[in-house]
Amino acid sequence: MALSPLWAPPQCSAQAVAVNAVALTADDLLRDASLWGGSVSLRFRLRDGSLAIYLGSEWASGDHTATGVPCAGLIPPGGCAPEQVRDESRLRTGDVGAAFRVLGNAGASLAVTADLLAGSVRRESRGLTSGRSLSAEKRMWGGRVGAESRWQPWEGTPRDVQLGISYGELRPFSSDVVIDGYTPFDHAMRVRRIVFGATWRFSGAH
C-alpha cells in the first residue's frame, strides 16, 4: 500500500467562479454616497470544504456634488471662491482571501472572511461654475474582515447565491510631501462594503 508523504500539500483546485454586485462607502471618496461596481473571483476549496481560498478583482465608482474649492497650491486671496463641486471617484483593487465556514454545509452556510488587497483610488473634482478641476490618484494596500452567507436555491444546479459584508482599511504605499497640494489619499481610509451575487461551481465541486 502506497503512503502519501507527510509534506504533501492539501489537494486544492479551482472549483468555482463568483460574480457580485458591490456597494461600498470609503472615507475621503464619497462622504454622503456610495460607490457602485462589481467583482469577480476564483474560489479554491480545500479537502473538507470548510476552508476556501479565493483570488479576486473589484472595481467601483460614483459621483457626488457638494460645496467646495476646486483649487490647490498657492492661490491669491479671493482667487478661488467656494462653489458647487462634483467629485467623481473610482476604486479598483485586487485581493487574495480566505473564507472559514462556521455554520452549515454545501447547501447553505455562513463563513467568516479575511482579505489582503492592493489597488488604486482616484478622484476628480470639477467646479460646476468655474470649470476648474483637481485630480488625485494613489496606490493603496490594506485588509478587511467580514462574513458571507451562501445558499443553493435551486437544488441540483451548480449555482449558489451569496451575500457578504466586510469592513476594512486602505493605506497609501507612500505619502507625497507637497506644500499646499491636493493630496486627499495620504492617510488611512476606512471602507465598508456589501456584495450580492452568484457563484457557479465547476463540475464535481461541493
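Okay, let's start with Arg201: at 17% relative accessibility, this arginine counts as buried, because the cut-off for buried is under 20%. Bear in mind that we're looking at a predicted model.

So what does Arg201 form a salt bridge with? The partner is Asp160, and the closest N and O atoms are 2.6 Å apart. Asp160 sits in strand β7, residues 159-172, while Arg201 is in strand β8, so this pair ties together parts that are 41 residues apart in sequence. Asp160 counts as buried too, with a relative accessibility of 7%.

Staying on β8, have a look at Arg192. Arg192 makes a salt bridge with Asp27, with 3.2 Å between the closest N and O atoms. Asp27 is in the loop between β1 (13-26) and β2 (35-45), and Arg192 is in strand β8 (residues 189-201), so here the parts being tied together are 165 residues apart in sequence. Is Arg192 buried or partly exposed? Partly exposed, with a relative accessible area of 32%.

Next one: Glu148 and Arg43. Their closest N and O atoms are 3.0 Å apart, and that's a salt bridge. It links distant parts of the chain again, with Glu148 in strand β6 (residues 133-151) and Arg43 in strand β2, 105 residues apart. Both Glu148 and Arg43 are buried.

Salt bridges link Glu58, Asp95, Asp115, Arg144 and Arg193 together.

Conventions
Residues numbered from 1 in each chain as written. Predicted model: local features only at pLDDT ≥ 70, side-chain atom pairs only at ≥ 80, totals over all residues. Heavy atoms only, no water. Salt bridge = Lys/Arg side-chain N within 4 Å of Asp/Glu carboxyl O. Helix = DSSP H or I, 4+ residues; strand = E, 2+ residues; numbered from the N terminus. Buried < 20%, exposed > 50% of the residue type's maximum accessible area, 1.4 Å probe, protein only.
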